[in-house]
Amino acid sequence: MSAELREQSPAEPKEQVIHLYQGSKRIHPKLAKGRFANLRVLAIFATQFVFYVLPWFNWSGRQAVLFDIPERHFYIFSLSLGTGDLIYLAGLLMISAFGLFWWTTIAGRLWCGYACPQTIYTEIMLWIDHLVEGDRNKRLKLEKEPWNFRKIRIKALKYLLIFAVSAWTGITFAGWFTPIRELVPGIFNFTVGGGALFAAVFYGFMTWLMGHMMREQVCKYMCPYARFQSAMFDRDTLIISYDEERGEPRGARKKKVSREESTLGDCINCTMCVQVCPVGIDIRNGLQYECIGCAACIDACDEIMDKMSYPRGLIRYTTEAALEHQYPENTIKKRLLRPRVLGYGVVLLLVVTAWITGIATRETLEVDIIKDRGVMVRENSQGWLENAYNLRVINANEREQILTAKVSGFEEIALTGLPAEGLKVPGGETITIPVQVSTIPEYAGKGSHPIEFEFNYREVDDPVAETRTISSKASFIGE
């Protein structure tokens, strides 16, 4: 091909590289200050007091709250639950779920902004960043600096504090499932069990990974709550919103220019709302699923409005309907008396009522009757037909209880094997005792015959305590 033809031919396309994934840049939010920031700090201290301190409380000579998985027993202050009471733990999960749905319908993602563990530990890690590396501008400058002794020293101190927080968080988490007063010394003298050690290391690692490394990426890409919240939102759900009608057109201006003299809206385009956002979004672009409702942008915007002598509330908690002037923003009745809110509220009330009723009326002692298959039927020394059983007695109470029993089903029937004064069952323990049921051969022909055990029990240390009765059906094998 000649040079002229080559010059006239169209340019060959350049090679392009298409990335299917692009790593996100680290967000360095500015530390927000204001009334909502103070509420968030208060919420963090309140929730972390419960998490870190509550396991150290004692109640009746044992850990106040302990989910003892190896022993299959769960203690919540005076409430003691055994393996037969797992339905009540499931009930607590249901209450938490419906409570979250109900609250989200009313108040949006306030849970995410103030009480979610991911938000809390991200905030704690940001406090460490700010304490060691300085404010946002200093952190950005430090990231661009080459590695030197100063940068290594600052980073090492920061990671040391992060490791300490993560490690202690992991140890505390394990302390909810293993007595923490035994766990902590056991970790440092290397006598702790493998399961407890694994729980501490795993949760500590996840605290570091989610709270420090991934941070807002968890809320934006991993959290399922951010995805299905739209099913619970409507135009009357509380959200954080930018008042476009008041703020536009946005633009910079001198501070001495009054609001009445300016031809622009109240937004001065300072981007402070973006700089303080922990997930890096611009709330002025409208409601976004990444928004966790933390109100950092409200505090930042209110501070700017104060400096400009403008009214607060350019960014505020409100509803879509209120922004469109369908009703005044302070109308609480309109937001609460909605079918969705009432529906979730009724379901939540029913679940809570059923849970409380079940706890109040539950049996604290359970007896399983297990037929001894090794001896189906035999003749005892009196010439009566005899069946053997094993009684598996589970005491869900923390106090010792005494059990007596009798059996019915035939005109002449006897129960032997239990102590005459009653069987004492220690608190929180399970014991198995063999018993025998016998009757006259004429009453028990060939085949299976229904019988019924009746058990009476009460607390040993309380002679005036109410005696409770439970009945269980069984079968007697005749000749």
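Reader: Which domains does the domain assignment of the protein chain give?

Author: This is a predicted model, and the assignment divides the protein chain into domain 1, residues 23-362, and domain 2, residues 365-478. The C-alpha centres of domain 1 and domain 2 are 54 Å apart.

Reader: How do you know that domain 1 and domain 2 are in contact, and how many residues take part?

Author: Contact requires heavy atoms within 4.5 Å, and eleven residues of domain 1 are in contact with six residues of domain 2. Between them the two domains bury about 570 Å², of which 38% is on carbon and sulfur atoms. On the side of domain 1, His73, Ser80 and Arg362 supply 45% of the area buried against domain 2, more than any other three residues.

Reader: What makes the pair Arg62 and Glu398 a salt bridge?

Author: The cut-off is 4 Å between a side-chain nitrogen of Lys or Arg and a carboxyl oxygen of Asp or Glu; the closest N and O atoms of Arg62 and Glu398 are 2.4 Å apart, so the pair qualifies as a salt bridge. The count between domain 1 and domain 2 is one salt bridge, and there are also four residue pairs in polar contact between these domains, both residues being at pLDDT 80 or more. By class, the side of domain 1 that touches domain 2 has two nonpolar, six polar and three charged residues.

Reader: Why is the pair Arg35 and Asp302 called a salt bridge, and where in the chain do Arg35 and Asp302 lie?

Author: The N to O distance is 3.5 Å for the side chains of Arg35 and Asp302, which is within the 4 Å cut-off, and therefore the pair is counted as a salt bridge. Arg35 belongs to helix H2 (residues 35-53) and Asp302 to helix H14 (residues 296-307), so that the pair links distant parts of the chain, 267 residues apart.

Reader: Is Asp302 buried or exposed, and what is Arg35 called on the basis of its relative accessibility?

Author: Asp302 has a relative accessible area of 2%, and because buried means under 20%, Asp302 is called buried. Arg35, at 48% relative accessibility, falls between 20% and 50% and therefore counts as partly exposed.

Reader: What makes the pair Asp234 and Arg338 a link between separate parts of the sequence?

Author: The side chains of Asp234 and Arg338 meet in a salt bridge at 2.5 Å, N to O. Asp234 lies in the loop between helix H11 (225-228) and strand E6 (239-242), whereas Arg338 lies in the loop between helix H16 (332-336) and helix H17 (339-361), so the pair ties together parts that are 104 residues apart in sequence. Arg338 is at 5% relative accessibility and therefore counts as buried, while Asp234, at 24%, counts as partly exposed.

Reader: Why is Gln63 called buried, and which backbone oxygens does the side chain of Gln63 reach?

Author: Gln63, placed in strand E2 (residues 62-63), has a relative accessibility of 8%, and because this is under 20%, Gln63 counts as buried. A polar atom of the Gln63 side chain lies 3.0 Å from the backbone oxygen of Val65, and the side chain of Gln63 also reaches the backbone oxygen of Gly175 at 2.9 Å. Not counting residues up to four places away in sequence, Gln63 touches several residues, among them Pro55, Phe57, Tyr75, Trp176 and Ile180.

Conventions. Residues are numbered from 1 along each chain as its sequence is written. This is a predicted model: local features need pLDDT of at least 70, side-chain atom pairs count only at pLDDT 80 or more; totals for chains, interfaces and linings use all residues. Side-chain values use heavy atoms; hydrogens and water are left out. Domain bounds come from an automatic or database domain assignment. Buried area is the accessible area (1.4 Å probe) that two parts lose on being put together, summed over both. A polar contact is a pair of N or O atoms within 3.5 Å; within protein, one must be able to donate a hydrogen and the other to accept it, and residues adjacent in sequence count only if both atoms are side-chain atoms. Ala, Val, Leu, Ile, Met, Phe, Trp, Tyr, Cys and Pro count as nonpolar, Asp, Glu, Lys and Arg as charged, and the others, Gly among them, as polar. Helices (H or I, at least four residues) and strands (E, at least two) are DSSP runs, numbered from the N terminus. Buried means under 20% relative accessible area, exposed over 50%, partly exposed in between (1.4 Å probe, protein chains only).
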